[in-house]
Amino acid sequence: MVVLMELRHLRYFVAVAEEENVSRAASKLHVSQPGVSRQIHDLEDEIGFSLFDRNGKSVRLTAAGKIFFGEAREILERTSEAVKKASLGRVLQAEINVGYAASHTIDILPRALGAFRDSFPGVRVTLHDLSGEEMLPLLLQKKLDIALTVAPPKLARELDMKELERDETCVAVGATHPLANSEFVSLKQMASEPVAALDRREFPLYHKHLEKLFSTIGRKPRISSEHDSVASLMAAVAAGHEFALLPNSLSGAAGRRLKLLTLRPALAPWLTVALWRKEAETEAVKAFIAAALAKPVKNGQTR
């Protein structure tokens, strides 16, 4: 049997079923009472059975009407959600540019990309591997839409910020280092040893954070080498003569060549944040940040 009905019929039917009164349903729908009654009768004629038992001004769902009510409400909810998603897809920008600090987004970036692309497959995400110092001006120049980086010491008033993750500060040493098998170390214990660091000119925020950590023990870091990337820094540490202070999020990338040792007492964590321009908080930007905030669950999905 082919049934010809419109969403309007279902909306009117659901409203009457919820109100159990045609007059109240008409008021809720902002249409005339005769118009609602006519649509309900047309719907019953079309499907071939009664949906309501009528008793004066009161109406009650029949047994068939109760089943139909549940299905009709679900259809309306799904239709509303489909319209919402289609509307978002229509108004979303076609591309978002995301800057990221590789050393702080090893876990965040893959799950953010996966969750975002599942929801908005039509939006292209272009990634830019940059330092935090490079990202901030690019955000303000509208060349980036989002920056995933270490929290800046001062936030420009044009930007908004959301904390994504706090990473424990660890001591990274090579697998052959005398302390490589230690469960805990203190910064005082390491203070006299040479430190491998990122390049000061390219990563001044990293150096400020490093100096802040050493200031807790009244010392300055003995920087023996500087590197233009986390990969080259880790390679230097793996040689066994230097150590580095790194976020715990790099434990997966460290592999067997490095040991990340827990600091006791613990030092200030590394704060990874999302930054974006307040005036450009589009649906795509909000959706990507929500995806970055989603936490992984056991089956590898996010929630």
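Buried means under 20% relative accessible area, exposed over 50%, and partly exposed in between, with a 1.4 Å probe and protein chains only. This is a predicted model, in which local features need pLDDT of at least 70 and side-chain atom pairs count only at pLDDT 80 or more, while totals for chains, interfaces and linings use all residues. Residues are numbered from 1 along each chain as its sequence is written, and side-chain values use heavy atoms, with hydrogens and water left out.

**View 1. Phe116 takes part in two aromatic pairs, with Phe120 and with Phe288.** Rings of Phe, Tyr and Trp (its six-membered ring) pair if their centres lie within 6.5 Å; planes under 30 degrees apart count as stacked, over 60 as edge-to-face and the rest as tilted. The structure holds six aromatic pairs. Phe116 and Phe120 make a tilted pair, 5.4 Å centre to centre with 40° between the planes. Phe116 is buried at 1% relative accessibility; Phe120 is buried at 16%. Elsewhere, ring pairs link Phe13, Phe52, Phe68 and Phe69 into a cluster.

**View 2. Five strands form an open sheet in the order 4-3-5-13-6.** Helices (H or I, at least four residues) and strands (E, at least two) are DSSP runs, numbered from the N terminus. Two strands pair if DSSP finds at least two bridges between them. Pairing in this sheet is mixed. Strand 4 (124-129) and strand 6 are the edges, each pairing on one side only. The twist averages 20° from one strand to the next. Strands 3 and 4 run parallel, joined by six bridges. Glu95 has Arg124 of strand 4 as its bridge partner.

**View 3. Helix 5 (residues 108-119) packs on the sheet, and helix 11 (residues 283-293) lies across its strands.** Axes are lines fitted to C-alpha atoms, for helices over the stretch in contact; angles run from 0 to 180 degrees between N-to-C directions. Contact means heavy atoms within 4.5 Å. Helix 5 touches strands 3, 4, 5, 6 and 13, and its direction makes about 165° with that of strand 4. Helix 11 lies across strands 3, 4, 5, 6 and 13, running at about 15° to strand 6. Buried residues of helix 11 include Ala284, Val285, Phe288 and Ile289. Their cover includes helix 5 as well as strands 3, 4, 5, 6 and 13.

**View 4. Helix 6 (residues 132-140) buries Gly132, Met135 and Leu139.** These residues cover an arc of only 55° around the axis, which puts them on the same side of helix 6. The arc is that of the directions from the helix axis to the C-beta atoms. The buried residues pack against strand 3 (95-100), strand 5 (146-150), strand 6 (159-167) and strand 13 (270-277). Just after helix 6, Lys142 takes a positive phi of about 65°.

**View 5. Thr169 sits in strand 7 (residues 169-174).** Thr169 is buried, with a relative accessible area of 1%. A polar atom of the Thr169 side chain lies 2.7 Å from the backbone oxygen of Ala268. Beyond its neighbours within four places in sequence, Thr169 contacts Leu213, Leu245, Leu246, Leu263, Leu267, Ala268, Pro269 and Trp270.

Conventions. Polar contact = N/O pair within 3.5 Å; in protein donor to acceptor, adjacent residues only side chain to side chain.
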